[in-house]
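Welcome! Please take me on a walk through this structure, telling me what to select next and what is there.

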Amino acid sequence: MIPSATSPTSHDLLSRWEEQQSAYVAHRENRFQVMLDVLDLNCPPDLTVLDLACGPGSIADRVLSRFPQARAVATDYDPVLARLARSVLARHGRATVIESDLARAGWSSALSEWSFDAVLTSTALHWLSPGQLLEVYTELAQMLPPGAVLLNADHLRFGAGHPTLRQLSAAHDAAVQREAFADGAATWDQWWALAVRHPELGPLLPERERRFADRPPQSPAPLEFHLSALRTAGFTEVGTVWQYLDDYVVFARR
């Protein structure tokens, strides 16, 4: 636990972020392991990866650690998390962080100088409406070269047609959170209360609030929608490479 009187470092915040996210996402590290394995099997050693809606850079950090010749471009619309990602990824010397708004058409224009072998994203795209999600997948399909892959890890909730699976998933989520919080993991709100004490991140909070003031939470799109949207967008092969209850890693190949 970080003492309340001190300002957290970027390392502190990343560590607490990992704990906090693992409380909300059971077996979170398994997601990343599968994603990295797919990269290892499909991409060249000097791959270039886009960490889409990167948060503090959790995926890019893992990619650059596992693949010493890789380069990562990370993008997020949240100014606080983007600034934290720059600090976290700076140690690698092979990362670029860009702020872009996935909810606005043309967001990918800021990435035109790179050619990507893979796009990875985790626990992020559920913030988009179904229409916005289709637009994001379409822009990705247009910018990616043939053979590039997309991996999206997220909770894709069961609908009314699967009441037992939906109930089991909710009960499992609640049990994992109870145990994690009892062990000292921060909640989402507690993590943000900690982040604003960072001398570089705190002043960015008003801008963050302004950017997301008109972004209400969206109902998560089911797996079937993601698969259909990816096909519609122009990906040639879609499916899943990992599942635990309602948590998936969705795969698409350009």
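**Stop 1: a loop residue**

Begin by selecting H27, which is partly exposed, with a relative accessible area of 38%. Bear in mind as you go that this is a predicted model. H27 sits in the loop that links α1 to α2 (28–42). Look at its backbone, too: H27 is not a glycine, yet its phi is positive, at about 55°. Most residues other than glycine have a negative phi.

**Stop 2: another positive phi**

Next, select A53. This residue is also something other than glycine, and its phi is positive, near 55°. You will find A53 in the loop between β1 (48–52) and α3 (58–66).

**Stop 3: two cysteines**

How many disulfides does the structure hold? The count is zero. A disulfide is a covalent bond between the sulfur atoms of two cysteines. For C43, the closest cysteine sulfur is the one in C54, and it lies 19 Å away, which is too far for a bond; a disulfide would need the two sulfur atoms within 2.5 Å. C54 is likewise in no disulfide, with the sulfur of C43 as its nearest cysteine sulfur. Are these cysteines buried or exposed? C43 counts as buried, at 12% relative accessibility, and C54 counts as buried at 6%.

**Stop 4: a pair of packed helices**

Select residues 10–24 for helix α1 and residues 79–89 for helix α4. These helices pack with their axes 10 Å apart, at an angle of about 110°. The two are therefore roughly perpendicular to each other, since angles of 65 to 115 degrees fall in that class. Their crossing is left-handed.

To see where they touch, show the side chains at the contact. From α1 come S10, L13, L14 and W17, and they meet L81, L84, S87 and V88 of α4. What kinds of residue make up this contact? Six are nonpolar, two are polar and none is charged.

**Stop 5: a buried arginine**

For the last stop, select R208, in helix α8 (residues 205–211). Is R208 buried or exposed? It is buried, with a relative accessible area of 19%, a value under the 20% cut-off for that class. Now display what surrounds it. Setting aside neighbours within four places in sequence, R208 is in contact with D78, P79, V80, W188 and W192. Among these, P79 and V80 bring you back to helix α4, which spans residues 79–89.

Note on methods
Residues are numbered from 1 along each chain as its sequence is written. This is a predicted model: local features need pLDDT of at least 70, side-chain atom pairs count only at pLDDT 80 or more; totals for chains, interfaces and linings use all residues. Side-chain values use heavy atoms; hydrogens and water are left out. Axes are lines fitted to C-alpha atoms, for helices over the stretch in contact, and angles run from 0 to 180 degrees between N-to-C directions. Helices (H or I, at least four residues) and strands (E, at least two) are DSSP runs, numbered from the N terminus. Angles under 35 degrees count as roughly parallel, over 145 as roughly antiparallel, 65 to 115 as roughly perpendicular and the rest as oblique. A crossing is left-handed if the near helix is turned anticlockwise from the far one by less than a right angle, and right-handed if clockwise. Contact means heavy atoms within 4.5 Å. Ala, Val, Leu, Ile, Met, Phe, Trp, Tyr, Cys and Pro count as nonpolar, Asp, Glu, Lys and Arg as charged, and the others, Gly among them, as polar. Buried means under 20% relative accessible area, exposed over 50%, partly exposed in between (1.4 Å probe, protein chains only).
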